[in-house]
Amino acid sequence: MGRAFQNRKESMAKTSDAKAKVYGKYGRELYVCAKQGGSDPHSNLTLRGLIERAKKAQVPSHVIDKALEKASGAGGEDYALARYEGFGPGSAMVIIECLTDNPNRTIGDVRTCINKCKGKLGTPGSASHMFDHCAIFAFDGEDEEGALDAMMEADVDVTDIENEDGRITIFAPHTEYAKAKQALIDAYGELDLEIDEIQFVPQTTTPVTGEDAALFEKLLDMLNDLDDVQNVFHSAELT
């Protein structure tokens, strides 16, 4: 799969306002993850990985704790996953994952961003059929065969495994996330995972150059400025 799995855009916490947006997005995702699978990270491995990512993004502990406490209580916000697909400048495909309590507002905001950047909002499946929905784990190491053996012993359906520049990267179907994460814990104990995520990985990339590249970057920035947007995946190869 090469480095196509890096074709995503994270919010950059350069200012206090940007940091607040990042904290808010992580807080919302932590809340929903804990609400669905329990607030104990030892039994909810998806939550555990999310907490680790939040800490790497320098999200304060009190933000994490508040989201977990909120999820442990009764009631709370009713967030739902909304996923939109479309095409950006240069015809590159885009998948936008949102957590929203108002789908009408969210789709309106997403459509506005895409239209302003000369893109087109598509129907469900219009772009995702050209992506693989993967669980991805990356960590420092050289023993590719040992990592593969750990996956095989746990009966994990590994899609691909890479060993490049002293880093092992494991790809598996998104439905195998918890099983693969547990296999790594059993094999290596506490492992510092550079990547521990579920992503949409493009099967092919689309070169986007010149004015289209600048417009595509603008689209990514606009989408990530939306409070409801959690992740943006795309097939653009920006040059």
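Is Cys33 buried or exposed? At 12% relative accessibility, Cys33 counts as buried, a label for residues under 20% relative accessible area, with exposed meaning over 50% and partly exposed in between (1.4 Å probe, protein chains only).

A word on the model: it is predicted, so local features need pLDDT of at least 70 and side-chain atom pairs count only at pLDDT 80 or more, while totals for chains, interfaces and linings use all residues. Residues are numbered from 1 along each chain as its sequence is written, and side-chain values use heavy atoms, leaving out hydrogens and water.

Now to the cysteines. Searching the whole structure turns up zero disulfides, defined as pairs of cysteine sulfur atoms within 2.5 Å.

| Cysteine | Closest cysteine sulfur | Relative accessibility |
|---|---|---|
| Cys33 | Cys98, 17 Å | 12% |
| Cys117 | Cys113, 7.1 Å | 0% |

For Cys117, the gap to Cys113 is too far for a bond.

Next, the nonpolar cores, which are sets of buried Ala, Val, Leu, Ile, Met, Phe, Trp, Tyr and Cys residues joined through side-chain atoms within 4.5 Å. The largest has 23 residues, and Tyr84, Ile96, Cys98, Val110, Phe216 and Leu223 touch the most other members. At least two residues each come from strands E1 (80-87), E2 (93-100) and E9 (229-234) and from helices H4 (103-116) and H7 (210-224); these are DSSP runs numbered from the N terminus (helices H or I, at least four residues; strands E, at least two). H7 gives the most, with seven residues. Another core, of 18 residues, lies apart from this one and includes Leu47, Ile64, Ala71 and Leu99.
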